[in-house]
Amino acid sequence: MLAERLKLPLHQAETEQAPFVLELTRDGLQLRWTTQPKMQPLTLDYTRGAQAWRQKLGGGKQEAVVRAIGLGHNVRPSVLDATAGLGRDGMMLAHAGCNVYFLERHPGVHALLDHAIHQFQEAHAAEHWSSKRLHMLPAGSLLEAAPLPNHIQSIQPDAIYLDPMFPEREKSAAVKKDMQFLQALVGPDLDADGLLAVALNLATYRVVVKRPNKAPFLAGQTPSAQVPSKKHRFDIYIKKAYPKQAV
Ligand SMILES: C[S@@+](CC[C@H](N)C(=O)[O-])C[C@H]1O[C@@H](n2cnc3c(N)ncnc32)[C@H](O)[C@@H]1O
């Protein structure tokens with residue numbers, strides 16, 4: 001049963017009040033915000049809509065996240081997306097050719113992402129790149145256990161990507177619906193600073209951190225380089241250069 005597999009409480013009746021409920025409908029898995037009935041439920045579908053279109057194009061090297069991870073002529077680094085969220089950035093990297101490992105600690109967000117990734121893989125033939133490049137890890141965190149569990153240690157990612165929730169992200173209508181959901185469901189990631197040292201230890205070549213333009217550096221640590229974008233910047237912490245031949 002889905003609730004059991006996801007280790008989430010099963011709500012039998014509409015009358016039970018939980019602020020967020022995951023529902024498996026004919027259209028797929030959706031997250032409903034019960035205290036905001038005017039909000040359309042949040043669904044994740046990488047197979048259609050604007051997101052699929054953007055990602056197809058975004059596989060191009062012009063996307064800031066792709067440039068920050070640093071894809072070269074022969075370089076397609078493996079990436080641990082350690083704050084995977086709704087997987088938009090990770091999917092972009094996978095479209096661009098990276099092997100991406102998605103790690104997310106919030107069980108509801110993890111469930112949506114897991115479902116969307118499976119759905120995307122199932123929509124394509126077995127030999128499609130998605131079955132080789134997309135790896136959903138069990139719900140968890142780089143901050144949970146020391147030493148890290150084997151299924152994380154053994155990845156030995158070339159790069160780690162971090163995009164924790166920033167406490168002062170705008171609350172205005174300008175914030176996209178999915179971000180509003182995340183802000184309300186997950187809240188600010190107040191322990192985010194701790195991620196940088198663990199990530200720098202685990203990544204072979206670099207760690208990339210997405211920050212709102214106005215935000216201070218994660219853990220107060222100055223990056224080696226930056227890639228700017230409209231509202232965000234990508235802080236790059238380089239441990240060593242990628243080798244010239246394929247990674
Ligand atoms: C801003 S969202 C990430 C958005 C993502 N980059 C995307 O493109 O959809 C941040 C996510 O990171 C998750 N997160 C924060 N700290 C984490 C940690 N230490 N381990 C795992 N997940 C974490 C939060 O639960 C949240 O879902």
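A polar contact here is a pair of N or O atoms within 3.5 Å; within protein, one must be able to donate a hydrogen and the other to accept it, and residues adjacent in sequence count only if both atoms are side-chain atoms. With that in hand, take Asp 89: one of its backbone N or O atoms lies 2.9 Å from an oxygen atom of the ligand.

Two housekeeping points. This is a predicted model, where local features need pLDDT of at least 70, side-chain atom pairs count only at pLDDT 80 or more, and totals for chains, interfaces and linings use all residues. Residues are numbered from 1 along each chain as its sequence is written, and side-chain values use heavy atoms, with hydrogens and water left out.

Back to the ligand. Asp 163 puts a polar side-chain atom 2.8 Å from a ligand nitrogen. Arg 105 has a side-chain N or O atom 3.3 Å from a nitrogen atom of the ligand. How much of the ligand does the protein bury? Taken alone, the ligand exposes 600 Å², and 98% of that is buried by the protein. Those areas are Shrake-Rupley, with a 1.4 Å probe; for residues, only the protein chains shown count as cover.

UniProt, in an unreviewed entry, lists Arg 88, Asp 89, Glu 104, Arg 105 and Asp 163 under "binding site". Its positions are in the numbering used here, its feature names are shortened, and annotations may be inferred rather than shown by experiment.

Asp 163 sits in the loop between β7 (159-162) and α8. Arg 105 sits in the loop between β5 (100-102) and α5 (107-122). Buried or exposed? Buried means under 20% relative accessible area, exposed over 50%, partly exposed in between (1.4 Å probe, protein chains only). Asp 163 is buried, at 14%. Arg 105 is partly exposed, at 36%. Contact means heavy atoms within 4.5 Å. Leaving aside neighbours within four places in sequence, Arg 105 is in contact with Ala 139, Gly 140, Ser 141, Asp 189 and Asp 191.

Next, α4. Six of its eight residues are buried. They are Asp 89, Gly 90, Met 91, Met 92, Leu 93 and Ala 94. After α4 comes Gly 97, with a positive phi near 120°.

Gly 85 is in the loop between β4 (79-81) and α4. Gly 85 is buried, at 10% relative accessibility. Beyond four places in sequence, Gly 85 is in contact with Glu 104, Val 109 and Leu 113.

Last, the whole chain. It has nine helices and ten strands. Of its 247 residues, 49% are buried. The accessible surface is about 13000 Å², with 53% belonging to carbon and sulfur atoms.

How values were computed: Helix = DSSP H or I, 4+ residues; strand = E, 2+ residues; numbered from the N terminus.
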